[in-house]
Amino acid sequence: MPVQSVPVREASVHFRLLQQYLILLKKYPILTKSVTSGILSALGNLLSQILEARKKAKNGVPVNEIDTAGAARYAVYGLFITGPVSHYFYQLMEVWMPTTDPYCIVKRLLLDRLIFAPGFLLLFYFVMNILEAKGWEDFEKKMKRSYWTALKMNWKVWTPFQFVNVNFVPVQFRVLFANVIALFWYAYLASVRK
């Protein structure tokens, strides 16, 4: 009895997007991570604006239009800072603390939480101040008013995610993993910096 071929159903859109992402990640790792970071950072800012608008509307306060310039600033930050800096940080972490090191799980987490997180948050405040065309005094005020609060929240929110990220997520997917979490983190930062 002859066997007939059965046509394979076309792959879903999600699967094709994932395949394309993996191809781009392999061919252009820094560019792919940077563009992804830019898009997700802008979406995080837009999410913050939408949540803030809903809260205002619920309380009867007039709602402003969406600040596209704010979303653009976050996109620029993600594209030029988050993507490349995170890429190189995770790559260097693999070299500095290979999995053969018996204490690598603890060392990686401590490096990320005690060195990278405070520095990266400071960089965020500084770059956003420049992108907003604000002066040094405004930068100092925002640092005094909200940096410590944001850093403590960073340690609370990010520590479990970064434990998983730096120890169990393959290095090529760490920026993407962090960007998905950062979608909500940037929404928080956009609201706390105001």
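Every view below shows a predicted model.

**Figure 1. Helices α4 and α5 pack against each other.**
Two packed helices are described by the angle between their axes and the distance between the axes. Helix α4 spans residues 104-131, and helix α5 spans residues 136-168. Their axes lie 8 Å apart and meet at an angle of about 150 degrees. That angle makes α4 roughly antiparallel to α5, because angles over 145 degrees count as roughly antiparallel. The crossing of α4 and α5 is right-handed. Which classes of residue make up the contact of α4 with α5? There are 19 nonpolar, 6 polar and 5 charged residues.

**Figure 2. The largest cavity has a volume of about 270 Å³.**
Rolling a probe the size of a water molecule over the atoms shows where empty space is left. A search of the whole structure finds 1 cavity of 30 Å³ or more. The lining of the largest cavity holds 21 residues. Closest to the centre of this cavity are Phe116, Phe120, Asn154, Trp158 and Trp185. Which helices each supply at least two residues of the lining? They are α3 (68-96), α4, α5 and α6 (174-192). By class, the lining has 14 nonpolar, 5 polar and 2 charged residues.

**Figure 3. Phenylalanine 89 and phenylalanine 116 form a stacked aromatic pair.**
A pair of aromatic rings is described by the distance of the centres and the angle of the planes. Here the rings are 4.0 Å apart, centre to centre, with 15 degrees between the planes. The pair counts as stacked because planes under 30 degrees apart fall in that class. Where do the two residues sit? Phenylalanine 89 is in helix α3, and phenylalanine 116 is in helix α4. The pair links distant parts of the chain, 27 residues apart. In total, the model has 13 aromatic pairs.

Helices α1 (13-27) and α2 (29-58) each supply at least two residues of the lining. Which helix gives the largest share? The answer is α1, with 5 residues. By class, the lining has 8 nonpolar and 3 polar residues, and no charged ones.

Key: Residues numbered from 1 in each chain as written. Predicted model: local features only at pLDDT ≥ 70, side-chain atom pairs only at ≥ 80, totals over all residues. Heavy atoms only, no water. Axes fitted to C-alpha atoms, helices over the stretch in contact; angles between N-to-C directions. Helix = DSSP H or I, 4+ residues; strand = E, 2+ residues; numbered from the N terminus. Parallel < 35°, antiparallel > 145°, perpendicular 65-115°, else oblique. Left-handed = near helix turned anticlockwise from the far one by under 90°. Nonpolar A, V, L, I, M, F, W, Y, C, P; charged D, E, K, R; others polar. 1 Å grid on protein atoms, 1.4 Å probe; cavity = no way out; pocket = protein on both sides within 12 Å on 5 of 7 lines; lining within 4 Å. Points joined across faces, edges and corners; volume = space filled by probe spheres on them. Phe/Tyr/Trp six-rings, centres within 6.5 Å; stacked < 30°, edge-to-face > 60°.
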